[in-house]
Amino acid sequence: MNRTTISLIAAATALAAITGFASLTAPDGAASAGGKAPARLPVERSSLLCPAPSNSELAETLYTSFTPPAAKQSLAQDSGSEDGAAETDSAELKPSAAALSLPDSETAKKKDKGRAGAKKPTRDKAVLAVKEPGKPVSAEANGGEAPALVGTATGRLAPGWTAQQTTTVAAGGGRGLLGVSCTAPDTDFWLPGASLAETRQDYVHLTNPDDVGAVADIELYGKDGALKTTLTEGIPVPAGSSVPVLLSTLTADKAADVTVHVTTRTGRVGAVVRAADEVAGSDWLGASADPSGTTVLPGIPADATSVQLVAFAPGDDDADLTVQLAGTTGRITPAGHETLHVKSGMTASVDLADVTRGEAGSLILSPAEKGRPTPVVAALRVVRGKGANKEIAFIPAAAPVGTRASVADNRAKGSVLALTAPGAAAEVKVTASAGTKGGSEVVKTYRIKAGTTQAVTPPVPSGLKGSYALTVETLSGGPVHASRTLELAQDGIPMFTVQTLADDRGTVAVPEAEQDLSVLDD
């Protein structure tokens, strides 16, 4: 018999680098059995999904896509060249298949009928294509026919690839500035902060990037637990398609505060909620970070007139949480809202009013009793302005920035970067990329004191033309949590949107291993 020897490290490297999801490390990042720290290699493939922007004919959408540059040594190592992308490198977003809708209302049916003859974008033609790391690209799409986008990045354009979708709707039921960082596909999403109230119209958008169909389940939880829904068979999401589901069609309940749980029986999807309020405008509600005993919701604007916290405990235990606001000088406890009790399987909410009182901050939820952390998910509903000039946005709980995180579509004016160090002090490097139409990158370093939030006007590329991307890298200390607020005021309405930043997982850890796997051939 012949013996073919396959190295464990070679197999692990191939799996990790290609998928971008594998991370073969010793517990808590410890060194491998041989004493060597795991090697970190750049991922070679990433996927992103952008939901259909709006059904309003007044919608004006800007898509921006960006891949941060890697170290010169890594660039040369990966591509064999120190400049330009290899032929195998690509990062393209293309229109999904025609969006499908579950029956929701006669109005929606009439709109769909009226669009039947509209010209659809060609699916095999890229809307956005990044050509080179460090240089963002953008594209515009106006009206209510802009489709959902799906895309894949490969080679040197895969690590850290990000995309932003920003839509302005000047009037009507969907009025507002709607921003969302295009998401990676997954099988499990928690979205606290949705609503079934008469004044709200919330859709969860399910987008499937793959060549095979997916089947998704949607569970809804109110203040008394799971809500009875009409779903029994799951929701089919065809290959390469997007399905918007109006939440109020799934249940007769009118719960004001709802946690949405999206899972898949088969396949993968992206899931985000487009929330529209009759009075306060509309925006996208992204998924909360994974359930955790301590959660951070970064970047509440200084001039917020109303802040509502929504939390959910998905496990078997109730959660007793301490509620604190990390401001510029340290943590404070909101008067009258020192703690929050969240019952297992139930959605809890609390009105924090104008908690920031003129000073930007971040909300930190931590166990009220040390040694008894109960995982929770959470989000904030934030309102700026008053009366008829109000605008809504959402801040979900955010994972740490980690090694590196980026957010695209920043403007010369109107961008605010919030940096929070809930534990130890930290130092971060912030890089403003070149602009989509010109300009040179600028780098600035910030120190964040322990337990504080810094809300800063981020650096702007010299000679900026167009929009640009921000990349945050942790240099020391931390962890650091971050968000970007983009404001585009219009007709006296303080339109704004907030996107959190999380580790882009542009590299994967692969252990050194001396052991070989032997395969016996007949």
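Tyr-221 counts as buried at 15% relative accessibility, where buried means under 20% relative accessible area, exposed over 50% and partly exposed in between, with a 1.4 Å probe and protein chains only. The model is predicted: local features need pLDDT of at least 70, side-chain atom pairs count only at pLDDT 80 or more, and totals for chains, interfaces and linings use all residues. Residues are numbered from 1 along each chain as its sequence is written, and side-chain values use heavy atoms, with hydrogens and water left out.

Trp-190 also counts as buried, at 12% relative accessibility. The count of aromatic pairs comes to 3; rings of Phe, Tyr and Trp (its six-membered ring) pair if their centres lie within 6.5 Å, and planes under 30 degrees apart count as stacked, over 60 as edge-to-face and the rest as tilted. The ring centres of Trp-190 and Tyr-221 are 6.3 Å apart and the planes stand at 40°, so this pair is tilted. It links distant parts of the chain, 31 residues apart, with Trp-190 in strand S11 (residues 188-194) and Tyr-221 in strand S13 (residues 214-222). Strands (E, at least two residues) and helices (H or I, at least four) are DSSP runs, numbered from the N terminus. Through ring pairs, Trp-190, Tyr-221 and Phe-312 are linked into a cluster.

The strand pairing may be followed next. In an open sheet of 4 strands, the order is S7-S4-S9-S10 and the pairing is antiparallel; two strands pair if DSSP finds at least two bridges between them. Strand S7 (137-142) and strand S10 (176-181) are the edge strands, each pairing on one side only. On average, neighbouring strands of this sheet are turned by 15° against each other, direction ignored; the axes are lines fitted to C-alpha atoms, for helices over the stretch in contact, and angles run from 0 to 180 degrees between N-to-C directions. Within the sheet, 7 bridges pair strand S4 (residues 60-66) with strand S9 (residues 162-169) in the antiparallel sense. Opposite Thr-64 stands Gln-164 in S9.

Strand S5 (residues 90-95) has two antiparallel pairings to consider. With strand S8 (residues 149-154), S5 is joined by 6 bridges, and Leu-93 stands opposite Gly-151 in S8. With strand S6 (residues 128-129), S5 pairs over 2 bridges; there, Ala-129 in S6 is the bridge partner of Glu-92.

On a 1 Å grid over the protein atoms alone, a cavity is a set of points where a 1.4 Å probe fits but cannot get out, and lining residues have an atom within 4 Å of a point. Grid points are joined across faces, edges and corners, and a volume is the space filled by probe spheres set on the points. The largest cavity holds about 40 Å³. Its lining consists of Ser-195, Leu-196, Ala-197, Arg-200, Gln-201, Asp-202, Leu-246 and Ser-248, and strand S12 (residues 200-207) provides the largest share, 3 residues. By class, this lining has 3 nonpolar, 3 polar and 2 charged residues; Ala, Val, Leu, Ile, Met, Phe, Trp, Tyr, Cys and Pro count as nonpolar, Asp, Glu, Lys and Arg as charged, and the others, Gly among them, as polar.

The second largest cavity has a volume of about 30 Å³. Among the residues lining it are Leu-49, Cys-50, His-205, Thr-207 and Val-272. Strand S3 (45-50), S12 and strand S18 (270-277) each supply at least two residues of this lining, and S18 gives the most, with 3 residues. The lining divides into 5 nonpolar, 4 polar and no charged residues.

Several individual residues complete the account. Pro-334 lies in the loop between strand S23 (331-332) and strand S24 (339-342) and counts as buried at 8% relative accessibility. Gly-478 and Pro-479 are joined by a cis peptide bond with omega of about 10°, and Pro-479 is in the loop between strand S36 (468-477) and strand S37 (481-487).

Asp-409 is not a glycine, yet has a positive phi of about 60°. Asp-409 belongs to strand S29 (residues 404-410) and is buried, with a relative accessible area of 0%. Arg-505, likewise not a glycine, has a positive phi of about 50°. Arg-505 sits in the loop between strand S38 (496-501) and strand S39 (507-510) and is exposed, with a relative accessible area of 62%.

Methods:
1 Å grid on protein atoms, 1.4 Å probe; cavity = no way out; pocket = protein on both sides within 12 Å on 5 of 7 lines; lining within 4 Å.
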